Amino acid sequence: GLGSTGEDTAEEFAEVQASLAERHKRAIILGITDTPSANRKAWKILMASNATQFWIGCMSHEVSLLMGDIGRLSFTKRLRVTCMKLYKWVMNHSYIFAVFQKKVAAYFDAKMHSATTAPQRRACASRKTMVLYKPGDTRMLSVFKLFFRILMLMQPLVAMFNDAEYKVAAQKAMEAYNSSTKKQGKKFKKRGRGSELI
């Protein structure tokens, strides 16, 4: 649309509705938009001119905005940084990622065999290739998706960290990082006098 006032928004919706066949126009009962003040004004105008229509705000948009606010809290920021470190550690190291994939597949395979319904079995089958989620920003619940995916994959993650194959892969990843970085302070430290990195 060209205009940005409530009247402009209402006029645009009215134009679109006027272009519809009468039976389609009569079928419109509920209108849902996001909730800036111009849209709220448009709802009033549209409801005044269409007695059979009801206009409301989009709840998922409201929840998304709320999650955006939650994402700005200092606790959430710290949690997000920690979760992003986990994401990078698992997803950016091929040897570690290979161990993780095996654990995820085994976990959902076991859940699939113990499932009692076909929808449960289908859900488990589709999750066998699930990976961690990287948010693009703090809107549209992307921070929630980051946390939720880690919680969903918590058991495979714990199983991965306890696997001897993971420990070899982690050492390999840390050694590769240490050999490629010039910054001494950022290198992984050795555990005591042994050769194992922390």
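Student: In which helix does Phe-147 lie?

Tutor: In this predicted model, Phe-147 belongs to helix 8, which spans residues 142-152.

Student: Why is Phe-147 called buried?

Tutor: The relative accessibility of Phe-147 is 16%. Buried means under 20%, and therefore Phe-147 counts as buried.

Student: Which residues is Phe-147 in contact with, leaving aside its neighbours within four places in sequence?

Tutor: Phe-147 is in contact with Thr-76, Leu-79, Arg-80 and Cys-83. Contact requires heavy atoms within 4.5 Å. As for Gln-184, its C-alpha is 32 Å from that of Phe-147, with 37 residues separating the two in sequence.

Student: At what angle do helix 1 and helix 3 pack?

Tutor: Helix 1 (residues 6-18) and helix 3 (residues 37-49) pack at about 50°, and their axes are 7 Å apart.

Student: Which residues of helix 1 make the contact, and how do the residues on both sides divide by type?

Tutor: Helix 1 contributes Gly-6, Glu-7, Thr-9, Ala-10, Phe-13, Ala-14 and Gln-17, while the residues of helix 3 include Ile-45 and Leu-46. The residues of this contact comprise seven nonpolar, four polar and two charged.

Student: Which element has the lowest mean pLDDT?

Tutor: Helix 4 (residues 59-70) has the lowest, at 80, whereas helix 9 (residues 154-161) has the highest, at 97. The chain averages 91.

Conventions: Residues are numbered from 1 along each chain as its sequence is written. This is a predicted model: local features need pLDDT of at least 70, side-chain atom pairs count only at pLDDT 80 or more; totals for chains, interfaces and linings use all residues. Side-chain values use heavy atoms; hydrogens and water are left out. pLDDT is the predictor's confidence in each residue, from 0 to 100. Helices (H or I, at least four residues) and strands (E, at least two) are DSSP runs, numbered from the N terminus. Axes are lines fitted to C-alpha atoms, for helices over the stretch in contact, and angles run from 0 to 180 degrees between N-to-C directions. Ala, Val, Leu, Ile, Met, Phe, Trp, Tyr, Cys and Pro count as nonpolar, Asp, Glu, Lys and Arg as charged, and the others, Gly among them, as polar. Buried means under 20% relative accessible area, exposed over 50%, partly exposed in between (1.4 Å probe, protein chains only).
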